[in-house]
Each structure stands twice: as structure tokens, then as C-alpha cells.
Amino acid sequence: MEKIIFIPLTLLALVVLYSSFFVVKQKTAAIVERFGKFQVIRQSGLQLKIPLVDKIAGKLSLKIQQLDVIIETKTLDDVFVRLKVSVQYRVIKDKVYDAFYQLDYPHDQITSYVFDVVRAEVPKMKLDDVFVKKDDIALAVKAELNDAMSEYGFDIIKTLVTDIDPDAQVKAAMNRINAADREKTAAQFEGDAARILIVEKAKAEAESKRLQGQGIADQRREIARGLEESVEVLNKVGINSQEASALIVVTQHYDTLQSIGQQTNSNLILLPNSPQAGSQMLNDMVASFTASNQIGEAMKNPRKKAE
């Protein structure tokens, strides 16, 4: 009979002993109540409580947590936009009591403040400014949350505006504007390139013409010098200037005919085609030069008399 009574007592003692100890994980705080009243806060490690008297009311994580809040609001230029605000927060180690007992749903409290701040700030901005000043929005949310949540035992580590999503039609319009602007810029660059090409081509042609004219002038100068030397040589052997000029014309005439004959596919026709024609052309040129000189002298004489 004593053995039968001893076994249940032993089991009861083991149960009571087992329920006297509990383990709290790292970065966690356990709230212990005694008969429904707050008793103590236990930190990580093996802890002891009075069985059947003390009860673990709950546990709070001391790690950094993140809450993502999606808000839809309107900008200053009447564009509806959806923002995703990520709030990183943690329970202050010295204020576990406030965090546990003062707020039943801290997520809802944080969400309400985020909604309030975002819907107060974004309607003051145009859509483009929302993208540019998203950090300002995040700072405003953080400042408001820190003031409101610190008394409840929560520390706001950081707030981030992680996504800005305008209406689909607005995004399509923005893409079209961006594409049109890029096409305009590309057209301007192409126009500038074409203008530069035309200017450089004109400069090249002008330089080519200048060099070509200089080459022709040099060629004619050398031809004249050669003719002068040829006439001097012929004068030394008793041939006068007129006869020497006629001889040079005939020689160039036959050189031209020889050059034409070397070209198999030439379509050039030389008119007139006799040496006398060359001599006649020379005589006409000499007569023209003589008449031109006489006219020039006649025009100078009246001027001298007038003076």
C-alpha cells in the first residue's frame, strides 16, 4: 500500500520539479506573472519559477524586426501611387514591461503612424519629386515613429521607402515621355553630326580646290619658264622668236597627237587637226597681245596729259 502511494507522489514531485525550470532563448525576454500580476522579467538562459504559482505570460523577441506597410495615396499632380515602407524596429531591453503591457498590437500601431505620415507628406509632392525625395519621406516617418513608439518601449532603427508604384497608365505615359526625349536627343546628335560632316566636307573641297589651283598655277609657271628657256636656246642658234614659237607650237601639236594615239578607247577629236592651224592660233594670240598693249598705252596717255 505504501508503494502504491509512493509512486504517484514521486511522479508529482518530478512534474513539480520539471515545471519549476524553464529556458529563455538568446535575444528573448520572458514575462513572469504570479497569480495574474506582473512579477519579473527573465532574460536568456535557464530560469526558475514557483510551480503552480508563477506563470509565463508571454515572450518578446529583442531582435530587430521588419514590418512592411503598403500605402496608396495621391500626389500633388493628382496621380495615385502605391508606396511600400519598410520599418525596422526592436523592443528596448530596459522597456520590455511597457512593450508587453501597453500595446496589444504594436504592428497595427506602427502601421497607423506610417499611414498618417505618408498621406501627409506625399500629397505635397509631384510624382517626380516622390521618386527624388523618397529619403525625405522615410526620415519623416522615422521621426514620427520614434516620438510615438519610444514611450511604448519600441526603438525605430530605420525606415525605408522600398517601392514606388504609380498607376499602370501613368507608368506607360512616363515611358513614352522618356522614349520621346531620348529620340529627340538622338536626333539632335545626328543633326549635329550631319552638320559637322557637311562643314568638314566643304572645308576639304575648298582646300582641294585651293591646292588644285595652286598646282595649275605652278604648272603654268613651269611651262612658261620652259618655253622661255626653249626660245633662248633657239635664239642662240640663229632662230628668231617668231620662228621659235612656231616650232614649239608644232612640236606640242605632234606631242598631243602622239598622246591621243596611245589611248585605245579615247573619244577625243582634235579640231582643227593641222599644224598650220596651230601656227595661225599663235599668230592670232600674238596679234591679240599686241593690240591689248596698244590699247593700254593709249589709255595711259590721256591720263598723263590731264595730270
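## Terms and model

Two strands pair if DSSP finds at least two bridges between them. Strands (E, at least two residues) and helices (H or I, at least four) are DSSP runs, numbered from the N terminus.

This is a predicted model, in which local features need pLDDT of at least 70, side-chain atom pairs count only at pLDDT 80 or more, and totals for chains, interfaces and linings use all residues. Residues are numbered from 1 along each chain as its sequence is written, and side-chain values use heavy atoms, with hydrogens and water left out.

β6 and β7 belong to an open sheet of 3 strands, ordered β6-β7-β8, with antiparallel pairing. Its edge strands, β6 (65–74) and β8 (154–166), each pair on one side only. Neighbouring strands here are turned by 20° against each other on average, direction ignored. Such angles run from 0 to 180 degrees between N-to-C directions; axes are lines fitted to C-alpha atoms, for helices over the stretch in contact.

## Helices across the sheet

Contact means heavy atoms within 4.5 Å. Helix α3 (residues 106–121) lies across β6, β7 and β8, at about 35° to β6. Helix α5 (residues 134–149) lies across β7 and β8, and runs at about 145° to β8.

## The β3-β2-β5 sheet

Another open sheet has 3 strands in the order β3-β2-β5, and its pairing is antiparallel. β3 (37–42) and β5 (54–61) are the edge strands, each pairing on one side only. On average, neighbouring strands of this sheet are turned by 25° against each other, direction ignored.

Strand β2 (residues 28–34) pairs with β3 in the antiparallel sense over 5 bridges. R34 stands opposite K37 in β3.

## Aromatic rings

Rings of Phe, Tyr and Trp (its six-membered ring) pair if their centres lie within 6.5 Å; planes under 30 degrees apart count as stacked, over 60 as edge-to-face and the rest as tilted. The count comes to 5 aromatic pairs. F38 and Y97 form an edge-to-face pair, 4.9 Å centre to centre with 70° between the planes. F38 lies in strand β3 and Y97 in helix α2 (residues 96–101), so the pair ties together parts 59 residues apart in sequence.

F100 and Y101 are also an edge-to-face pair, at 4.9 Å centre to centre and 85° between the planes. Ring pairs link F38, Y97, F100 and Y101 into a cluster.
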